[in-house]
Amino acid sequence: MKEVCAIVGGQWGDEGKGKLVDILAQKFDVIVRATGGANAGHTIYVGNQKFVFHLVPAGMLHPGKICVMGNGMVVHLPTLLEEIEILKKAGVKISGRLLLSDRAHLVFEYHKIIDQLQEEMKGSQKVGTTRRGIGPAYMDKTSRIGIRAGELKNFAAFVAHYRRNLASLKKMYEFSFNGDAELRAIKKISKMVLPLIADTSLYLANALSAKKSILLEGANGTLLDIDHGTFPYVTSSNASIGGIIAGSGIAPSRIVENIAIMKAYVTRVGSGPFPTELKDALGDKIREIGNEFGATTGRPRRCGWFDAVAAQYSMRVNGFSAINLTKVDVLSTLKKLKICTAYIYKGKKLAEFPADLSVLEQCRPHYIEMSGWQEDISSAKKFHQLPKNCMAYIKKLEKLIGCPIRYIGTGKRREEMIFRK
Ligand code: GDP
Ligand code: IMO
Ligand code: MG
């Protein structure tokens with residue numbers, strides 16, 4: 001396999017990144033999460049077992065692989081501990097296989113409180129965050145008061161920094177919270193965390209020098225990217241390829257493959273514009289067949305037709321070399337399928353995906369219609385075994401996006417993936 005390969009969410013998250021990471025991890029030595037925090041929920045089904053990864057890289061189920069939580073992440077230590085315990089109970093060996101960047105920022109309980117307060121203050125404009133304290137933790141990072149994992153090495157200085165931050169944030173946001181219990185809990189957890197802490201950018205550079213291969217696991221999605229997404233209805237980090245590079249500390253020139261994960265339709269959780277959203281019985285039907293409920297919060301996901309305008313934009317921002325089209329099986333049985341090929345704004349076709357949200361909110365999708373297929377596709381192992389209309393739908397998307405669709409998801413399990421040359 002190629003030396004560094006990235007897997008990036010091409011839409012609004014939950015495209016099925018976890019499943020491809022799990023499949024490809026077998027062929028890589030090191031798997032790296034680089035951005036976001038426990039807002040992510042990456043689901044993997046192995047046999048009858050279901051695993052949902054929030055912080056730990058989704059490569060962890062493969063014995064012997066090294067998993068790295070990179071400098072671009074924001075990490076809530078009790079959630080990390082919980083996730084590790086679940087994996088241990090399932091028989092996964094953790095020791096010597098998991099690293100946490102000394103530069104990664106930590107998420108504390110007060111970040112969650114501020115997340116909640118900010119949402120309440122926004123009222124009808126609320127982002128619909130996962131309430132995991134992600135935005136406030138990145139705020140502390142960019143305002144240069146954030147606390148990094150490496151600071152746990154000197155616990156007395158860490159406590160002083162924590163108390164300083166809490167005191168000033170309490171004044172700013174007017175909330176009451178006593179951090180003593182959290183500090184006691186972190187002191188306990190730090191025994192488990194300290195051995196994981198490393199200069200992971202250096203570790204990855206050394207791994208590359210030793211001819212090891214690296215798989216970068218994106219989180220969230222390009223349309224949730226703080227710069228390129230539908231701001232302000234986004235997460236607080238760069239979820240597209242640029243953020244994954246910065247968040248791992250790997251030189252951009254080392255990345256030779258950049259795979260987009262895109263659903264065969266579109267989903268979104270939380271608020272914000274969604275031009276192809278189906279607010280009708282068909283949207284409900286897709287949600288039901290696709291089991292579209294958040295892996296982190298359990299919220300119902302909004303569902304809609306494939307948006308080729310957004311996909312082209314995502315392609316431009318990331319420069320994908322291949323696409324994994326997921327959940328194609330969910331569309332089986334629908335008689336007609338629609339694809340949005342243009343946005344119409346005030347009667348005119350827009351040339352580009354707009355930055356201005358008031359424009360995006362008023363865009364009407366222009367659709368082309370394609371015939372669906374009725375057959376179950378879960379047993380198809382080769383592209384040519386798919387129904388004719390299914391192949392036509394995939395080829396149409398490929399042409400519209402301008403990128404080869406090399407992986408086709410036909411079900412939630414590891415085996416349910418078609419590899420296409
Ligand atoms: P992620 O955050 O991008 O890793 O995606 P999530 O795990 O949040 O949501 C994707 C959901 O779709 C998960 O429940 C996956 O098990 C499931 N999934 C992934 N690929 C496929 C597929 O090709 N077909 C079906 N039916 N389910 C899939
Ligand atoms: P994965 O990695 C889907 C969305 C939230 C909300 C917005 C901001 O599983 O694809 P945040 O808590 O990050 O401040 O929320 O971003 N969001 C996601 N939606 N999948 C995700 O991650 C998401 N991470 C954040 O729903 O609208
Ligand atoms: Mg998810």
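I began with the second largest pocket, whose lining takes at least three residues from each of domain 1 (4–101 + 196–258) and domain 3 (263–419); the domain bounds come from an automatic or database domain assignment. I was working with a predicted model, in which local features need pLDDT of at least 70, side-chain atom pairs count only at pLDDT 80 or more, and totals for chains, interfaces and linings use all residues. Residues are numbered from 1 along each chain as its sequence is written.

I noted the pocket criterion: on a 1 Å grid over the protein atoms alone, an open set of points where a 1.4 Å probe fits, with protein on both sides within 12 Å along at least five of seven lines, lining residues having an atom within 4 Å of a point.

**Second largest pocket**

I recorded a volume of about 590 Å³, meaning the space filled by probe spheres set on the points. Of its 28 lining residues, T43, Y45, G290, K327 and K412 are the closest to its centre. I found that α1 (17–25) and β3 (42–46) each give at least two lining residues, and β3 has the largest share, with four residues. By class, I listed six nonpolar, twelve polar and ten charged residues.

**Largest pocket**

I then looked up the largest pocket, with a volume of about 960 Å³. Its lining has 50 residues, with N39, I134, V234, T235 and S236 nearest its centre. α4 supplies the largest share of this lining, seven residues.

Key. Chains are lettered from A and ligands numbered from 1 in the order in which they are written. Side-chain values use heavy atoms; hydrogens and water are left out. Ala, Val, Leu, Ile, Met, Phe, Trp, Tyr, Cys and Pro count as nonpolar, Asp, Glu, Lys and Arg as charged, and the others, Gly among them, as polar.
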